Amino acid sequence: MRKLCLGTVGVLSMTLLIASVALLVARVLQKAVELQVRQQTVLKNGTEFFEMWEEPPPPVYMQFYFFNLTNPLEVVQGEPPIVRQVGPYTYREHRLHVNVHFLDNGTKVSSLNPKTYFFEPEMSVGDPEAHLIRTINMPALVAMNMATATPMRLPAEILLILFDENLFTTRTVHELLWGYTDKLLSALHKFRPSIDPDFGFFKKMNGSDDGEYVVLSGEKNYLDFTKIVKWRGKDSLDWWTSPTCNMINGTDGDTFHPLIDTGETIYVFSSDFCRSMYLTFQKYVTVEGISAYRFSPPETLFANASVNPDNAGFCVPAGNCLGAGLLNISACNQGAPIFLSPPHFYLSDDKYVQDIDGMHPNQEEHETYVDINPLTGVLVRAARRLQINTYVEKLPDFIQTGNIKTMFLPVFYINESVVLDKASVAKLKTVLLETAVMTSVPYIIMALGILFGALFVALVCKPFRAREEGSEGLVDTE
């Protein structure tokens, strides 16, 4: 009977150890988990993934930091600008996917993505309708740029003098963001009705959308989950000078495919940037107890064409290449001299930083990043940061520009951030716990195999110890 027990324990131990090693080597349970994740990550009506995509639960906050110009008269005389950062002015961003239609047997989904902004006073430095900011007079600057060296120069100069318009203006934060009626634009509107008499950097963006998106549902391939295939009816852009730069790549940055690897490059299309971007793995992070991979734009994304030839297509007009960090988006903003960069010219040419007194670039406050749970592809935290700059130079035709130095003047920067809400964190933790338990089964089996193995060794060795003790007793007696 004892031999039978020993044999059973030994065979059971070996069987468990062999089974656990086989499961680990073949990754049977891991593959089962991955298969389940792939099958569930599809935009399909009635699923949890679809509901989260249609109405994302985590609150998104849009924070505006303005650069208040403190020495406008000296700047026009040729002195460097001195700016002081003022902010944040925080708005909660409510976004939905509406007018949703499933196309091509459910393999594609079209939708609009309107955004509505609600002011959050407790997260802001003050009242945007009361706080004044001195900055560039964008309507006047655009009018001067369009009229210089043309027959419209004299009429434009007369209007500027008549309405006492200068290169810089003082407006409330609310006016600069959401719009105000400009005297110069109103006068031009009478002669050309197509000219909008109102101006604001985010005018008409509150409650509106940026065009129809068509994305892949992930039905055919989980790697294509929410990948954009068309925007505003086109599968590519037409603002840039190379097919590569005009490509629409990746998702909109709100959703990603599951089973993400640290070695892959993540692509995101942003209509605000007027281009597609790419992000690479930076480091491992933990957000609300959830493990995540941090991806951020590499320096090559912002490099000039001499360092990264792929960026030559962003040199517009053709051949007019800027230094590292700047992107000319005038073509997609009706010709307005607007240039994007990271906040405070982070990862940009040092010249741009030195031109402006008040720039203090640093990674923690000014880097764009996304933190993604690698198993599910769920975005657990993200920050999209960009700065609006304008190009100013002396225009001999207009006395308003005086002797100003040629420079890129920062107006404000945006920090659009999101962190997974508590309810979503709880759901995600439950999913991750279930998968962790399932993938831990081989280790549990191995532990049992080791335990039975130890028991087997103990039972085998025990009789030998008993005989040795008995022999020692006989010797003592003699």
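**A first stop: K204**

K204 is found in the loop between β9 and β10 (213-216); helices (H or I, at least four residues) and strands (E, at least two) are DSSP runs, numbered from the N terminus. This is a predicted model, in which local features need pLDDT of at least 70 and side-chain atom pairs count only at pLDDT 80 or more, while totals for chains, interfaces and linings use all residues. Residues are numbered from 1 along each chain as its sequence is written, and side-chain values use heavy atoms, with hydrogens and water left out.

- Most residues other than glycine have a negative phi, and most peptide bonds are trans.
- K204 is not a glycine, yet its phi is positive, near 65°.
- Is K204 buried or exposed? K204 counts as exposed because its relative accessible area is 61%; buried means under 20%, exposed over 50%, and partly exposed in between (1.4 Å probe, protein chains only).
- L347 has a positive phi too, about 60°, and is likewise not a glycine.
- The loop between β16 (338-341) and α10 (350-355) holds L347, and with a relative accessible area of 26% this residue is partly exposed.
- G87 and P88 are joined by a cis peptide bond, with omega about 10°, and P88 lies in strand β2.
- Another cis peptide bond links V316 to P317, with omega about -10°; P317 sits in the loop between α9 (299-302) and β15 (327-328).

**Strands side by side**

- Strand β1 (residues 60-69) pairs with strand β2 (residues 83-95) in the antiparallel sense over 9 bridges; two strands pair if DSSP finds at least two bridges between them.
- Within this pairing, L69 stands opposite V83 in β2.
- β2 also pairs with strand β5 (residues 115-119), in the antiparallel sense and over 5 bridges.
- Here R95 is the residue opposite K115 in β5.
- In a regular strand the side chains alternate between the two faces of the sheet.

- How many residues of α5 are buried? The count is 8 of its 10 residues, so α5 is mostly covered by the cut-off of under 20% relative accessible area for a buried residue.
- Among the buried residues of α5 are M138, P139, L141 and M144.
- Just after α5, A149 takes a positive phi of about 60°.
- In helix α8 (residues 183-191), the residues L184, L185, S186 and A187 are buried.
- The buried residues of α8 pack against α5 (138-147), α6 (153-162), β8 (180-181) and β9 (198-199).
- At the start of α8, a side-chain oxygen of D182 comes within 3.1 Å of the backbone nitrogen of L184.

**Two buried loop residues**

- T107 lies in the loop between β3 (98-103) and β4 (108-112), and with a relative accessible area of 14% it is buried.
- The side chain of T107 reaches the backbone oxygen of D104 at 2.7 Å.
- Not counting residues up to four places away in sequence, T107 touches V215, L216, S217, E219 and K220; contact means heavy atoms within 4.5 Å.
- H257 is in the loop between β11 (228-231) and β12 (266-270), and this residue is buried, with a relative accessible area of 12%.
- Which residues does H257 contact, leaving aside its neighbours within four places in sequence? They are Y222, L223, F225, E264 and G377.
- The side chains of H257 and E264 are joined by a polar contact of 2.9 Å; a polar contact is a pair of N or O atoms within 3.5 Å, where, within protein, one must be able to donate a hydrogen and the other to accept it, and residues adjacent in sequence count only if both atoms are side-chain atoms.
- H257 and G377 are 120 residues apart in sequence, but 5.2 Å apart in space, C-alpha to C-alpha.

**The nonpolar cores**

- In soluble globular proteins, nonpolar side chains tend to be buried together.
- Of the 84 residues in the largest nonpolar core, F64, F66, I136, F202, W240 and F412 touch the most other members; a nonpolar core is a set of buried Ala, Val, Leu, Ile, Met, Phe, Trp, Tyr and Cys residues joined through side-chain atoms within 4.5 Å.
- A second, separate core has 14 residues, including Y222, L375, V378 and L432.
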